[in-house]
Each structure stands twice: as C-alpha cells, then as structure tokens.
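User: Hi! Could you walk me through how this fold is put together?
Analyst: Happy to, let's have a look.

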Amino acid sequence: MDLNGKVAVVTGGGRGLGLAYAKALAAAGAAVVVNDLDAEAAAGAVEEIGAAGGRAVAEVGAVGTAETAEALVARAVDAFGRLDAMVTNAGVLRDRVLWKMSDEDFDTVVRVHLRGTFTCVRAAVARMREQGGGGRVIVAGSPAGQRGNFGQTNYAAAKAGIAAMVRTWAMELAKAGITANAVIPVAATAMTRTIPAFAPHVDALERHGTPLPDALRKGEGFGTPEDVASLVVYLASDAAAAVTGQCVGIGGDKLALWSHPQEVSVAYADGGWSADAIAAAWPVTVGRVPETYGIPAPRI
Ligand SMILES: NC(=O)c1ccc[n+]([C@@H]2O[C@H](COP(=O)([O-])OP(=O)(O)OC[C@H]3O[C@@H](n4cnc5c(N)ncnc54)[C@H](O)[C@@H]3O)[C@@H](O)[C@H]2O)c1
C-alpha cells in the first residue's frame, strides 16, 4: 500500500488502536496529524513515527467540540498542505448499568464518540470538498454499537449512532468522491485487556511475547492493534475508492462485513393493524423468530 502524498488525521492517536493506525499510515507513506488529549502520548507517537522515518506532528486537544475539529484540520493543512483522510478513533468508557448511569456518564461518552466523530468529520469534509479530489472518512464503531452490550447504554448508543452516520455520509459524500466507512475493531488495548477471558493471554503477550492462541485470534477475532491498523491503511488507500457506507469488522485473524439493519420479516393486514390483530399474528408471523441481541460471551 502506497499512501505517499496523502495526509491523515488520527484522533486519540497517542495510544492503543489510534497509535497503531498512526504508525501504520505513516509507514505506508502518509503524513499524519496525531491528536490526543494526552500531550505526552501524542508527543511519544510523533517521536516513534519520526524515528521510523515517517512524518507526523502532534495536535493536542479533546475531541467533541467544533474548535478542536477545526484545529485538527488546520494543523493538517498548515503542516502538510492538505487533508485526505480523517480517522476518528478517540474514545472513553463510562460503563454502568442503566439505573446507575449518571447524566455525566452518558454525556461524556456521547460527547467524545458521537459528537467527536460528527464535528471532526464535518470539518474534514468541508476541507476535502474545497480541495477536490475526494477523501476518506474512517470512523470507529464497536460490536457494542452493532449488538448492544450490558452496562454500555452510553457507549452502545454512541457507536450505533456512528454506524448510522456512516450510512448517511456514504450517500451525502459520494458525489465528492469521499468514502465513509466504520471500522468495528476488537483488539488488546487498555479498553479490553481487563476482559477476564482475555486478560491472561494479553498479559502473556505483553510480558513474554507469547502469541495469542488461535482460540482468540480466530475464534474470538481478538488480536493486536496492529492487526486492525491494516484495515485503516486499506480504507485510506486508492484501492478502497469504491468501498463506502460499510461497517467492517477486524480483529486477530478475522475480517468481516457487518450487516446493516433491515426488515427481516413482514406481514400485512388490510386497512392496518389493531392491537388485537398484532397479538394474534405476532407469534406466527413477524415475531416467530425474534432477532438476537448482545455480544456473545467469549467461548474460551
Ligand atoms: N479495543 C477494542 O477492542 C475496541 C473495540 C471496539 C471499539 N473500539 C474503539 O476504538 C477506539 C480506540 O480504542 P482503544 O481500545 O485504542 O482505547 P484506548 O483507551 O487504548 O485509547 C484511546 C485514546 O483516545 C484518547 N482520548 C480519549 N478521549 C479523548 C478526547 N476527547 N480527545 C482526544 N483523545 C482522546 C486517549 O487519551 C487514548 O490515547 C475507541 O473509539 C473505541 O471505542 C475499541
């Protein structure tokens, strides 16, 4: 993959998946603006990329506001002259069951993920449209947003909203040659290393370099941030010019296309449905095979 001449912004690029994205994009030849709210992490990423022969600058700030979004785009243009790819990856968790979730827990997660994605992509697209020649919008979804997840009202809502925005943007941006896709990652990072079934394997990988077992890499589609970064490089490349409006899953050895919601079963009643008619028809028509929900528990 050759991304020479292209310029990318990666939000939350100081650690975890974002760091792997920034390094992989730079290794493929792109110049990268590394955003993070942690200045030290952003500077460390820039140093690492530079030491490997890549080009990167840091832009510290908390995504979620129009000001930060505009600063990121301005930094790309000032430092490298253009913007070709906006990768919105920054994220936080505030897990609580619904009845214990505070307004602040909800608003924080929605601000960083949903509003952060909206504001950064809006600013990026304004620049890409003005520049001409298309562009790439690559956003971060999650299995939790696709399926729902216990304790993640805020996060599931934000991630489902991000998938919905991608479907909308694919329509709105097609004419300008800008693609919009969501990466649905699963990887060992600060966010996931505490999952009990995965923790000892992540620990062994980090301490002793013990490769993750097949049961994880294939069975659970769970691997390293570097595994996920390949998809971001592909989506940023010219090879993916025709790929848009998709939610693409990746983790470990697994690559997957997620379905979009659609009607799976329909029934009709002349003149419309009464509640009694729905009650009678439900078990034998549209309600006969209900949809499943939730992320399946790890099998290892
Ligand atoms: N790790 C996984 O398996 C997984 C699964 C599904 C989705 N995701 C998504 O991938 C993205 C990255 O996750 P990760 O596991 O690498 O997390 P991480 O916690 O390891 O890294 C997140 C980074 O974002 C930064 N950040 C947080 N809030 C920010 C803000 N407001 N502005 C700028 N930077 C901010 C943090 O400082 C950190 O460097 C997130 O959007 C997450 O929801 C991860």
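**Helices and sheet**

Analyst: Let's start with a helix pair in this predicted model: helix 1 and helix 9 (residues 225-236) pack with their axes 8 Å apart, at an angle of about 50°.

User: Is helix 1 roughly parallel or oblique to helix 9?
Analyst: Oblique, because an angle counts as roughly parallel only under 35 degrees and as roughly perpendicular from 65 to 115. The crossing of helix 1 with helix 9 is right-handed.

User: Which residues make the contact?
Analyst: Helix 1 contributes Gly16, Leu17, Ala20, Tyr21, Ala24 and Leu25. From helix 9 come Pro225, Glu226, Val228, Ala229, Val232, Val233 and Ala236. By class, that contact has 11 nonpolar residues, one polar and one charged.

User: Switching to the sheet, what's the strand order?
Analyst: The order is 3-2-1-4-5-6-7-8, in an open sheet of eight strands with mixed pairing. Strand 3 (55-60) and strand 8 (254-257) are the edge strands, each pairing on one side only. On average, neighbouring strands are turned by 20° against each other, direction ignored.

User: How many bridges join strand 1 to strand 4?
Analyst: Three, and strand 1 (residues 7-10) runs parallel to strand 4 (residues 85-88). Ala8 sits opposite Ala85 of strand 4 there.

User: Back to helix 1, which strands does it lie across?
Analyst: Helix 1 (residues 16-27) lies across strand 1, strand 2 (31-36), strand 4 and strand 6 (178-185), at about 170° to strand 1. Helix 2 (residues 39-51) also packs on the sheet, where it touches strand 2 and strand 3, and its direction makes about 175° with that of strand 3.

Terms used: Residues numbered from 1 in each chain as written. Predicted model: local features only at pLDDT ≥ 70, side-chain atom pairs only at ≥ 80, totals over all residues. Heavy atoms only, no water. Pairing = 2+ DSSP bridges. Helix = DSSP H or I, 4+ residues; strand = E, 2+ residues; numbered from the N terminus. Axes fitted to C-alpha atoms, helices over the stretch in contact; angles between N-to-C directions. Contact = heavy atoms within 4.5 Å. Parallel < 35°, antiparallel > 145°, perpendicular 65-115°, else oblique. Left-handed = near helix turned anticlockwise from the far one by under 90°. Nonpolar A, V, L, I, M, F, W, Y, C, P; charged D, E, K, R; others polar.
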